[in-house]
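Subject: Structure handover and findings

Hello,

Here is the structure for your files. My notes follow below it.

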Amino acid sequence: MLWMKVIGTGLIFAGCSFVGWQKGALLRKRICFLQEMVHSLVLFKSIAGTYRLPLEVIFERISLQTQKPVSDFYSCLAGHFKRKDQPESVVIWQETIQEKGDLFDQDDKEFFMRLGDFMGIQDVHAQSEAVEACICQLSERTARLEKERPEREKVYRAVAWTIGGFLIILFI
């Protein structure tokens with residue numbers, strides 16, 4: 001009977017530790033995603049400012065030059081633009097963000113929804129300024145998250161171990 005308690009204790013503790021580790025991994029994944037989105041916006045600004053290409057072509061090029069899952073987002077976006085006769089870029093941008101909503105954290109989703117207001121507008125200078133402001137904000141957000149990451153990971157582990165200890169006491 002004692003060996004069952006020991007095994008159960010180990011499993012509970014390991015499961016809770018895994019949950020804490022997974023939460024830290026999700027934070028690292030979000031940081032990588034935001035860094036890749038910054039890269040994609042730099043590409044967008046460069047391509048849209050240099051060439052007068054349709055948005056679906058720009059988004060296809062970005063999808064080829066970025067890593068997953070950002071490349072999947074831009075590929076889906078380009079596909080939506082191809083299917084529309086007279087695409088309204090704001091609506092398509094926001095629909096694609098809703099469709100690919102699992103990629104974005106809630107704060108990030110709201111942030112990128114607002115960015116859609118400037119995609120594909122005729123005033124290239126205003127579009128460029130909006131994208132540049134977005135790049136700066138994302139870079140600041142990424143730097144802040146990267147700075148907070150070690151401390152947050154410690155908190156995630158400590159909370160997970162505390163919950164594990166509580167469950168062990170509760171069940172034994």
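Which residues does Ser71 touch, not counting residues up to four places away in sequence? Ser71 touches Ser63 and Thr66; contact means heavy atoms within 4.5 Å.

First, the ground rules. This is a predicted model, where local features need pLDDT of at least 70, side-chain atom pairs count only at pLDDT 80 or more, and totals for chains, interfaces and linings use all residues. Residues are numbered from 1 along each chain as its sequence is written, and side-chain values use heavy atoms, with hydrogens and water left out.

Back to Ser71. Ser71 sits in helix H3, residues 70–83 (helices are DSSP runs of H or I, at least four residues, numbered from the N terminus). Ser71 has 8% relative accessibility, so it counts as buried (buried is under 20% relative accessible area, exposed over 50%, partly exposed in between, with a 1.4 Å probe and protein chains only).

Next, the H1 and H2 pair. Helix H1 spans residues 2–50 and helix H2 residues 55–65. Their axes come within 10 Å and cross at roughly 140° (axes are lines fitted to C-alpha atoms over the stretch in contact, with angles from 0 to 180 degrees between N-to-C directions). H1 and H2 are therefore oblique to each other (under 35 degrees is roughly parallel, over 145 roughly antiparallel, 65 to 115 roughly perpendicular, the rest oblique). On the H1 side, the contact includes Phe44 and Ile47.

Phe59 deserves a look. Phe59 belongs to helix H2. Phe59 is buried, at a relative accessible area of 0%. Leaving out residues up to four places away in sequence, Phe59 touches Phe44, Tyr74, Leu77, Ala78, Phe81 and Trp93. Phe166 is 107 residues from Phe59 along the chain, and their C-alpha atoms are separated by 50 Å.

Now the core. The largest nonpolar core has 35 residues (a nonpolar core is a set of buried Ala, Val, Leu, Ile, Met, Phe, Trp, Tyr and Cys residues joined through side-chain atoms within 4.5 Å). Leu41, Phe44, Phe59, Tyr74, Trp93, Phe112 and Leu138 touch the most other members. H1, H2, H3, H4 (89–99), H5 (106–115) and H6 (124–171) each give two or more residues to this core. H1 supplies the largest share, 11 residues.

Trp93 has contacts with Phe59, Tyr74 and Phe112, among others.

Best wishes
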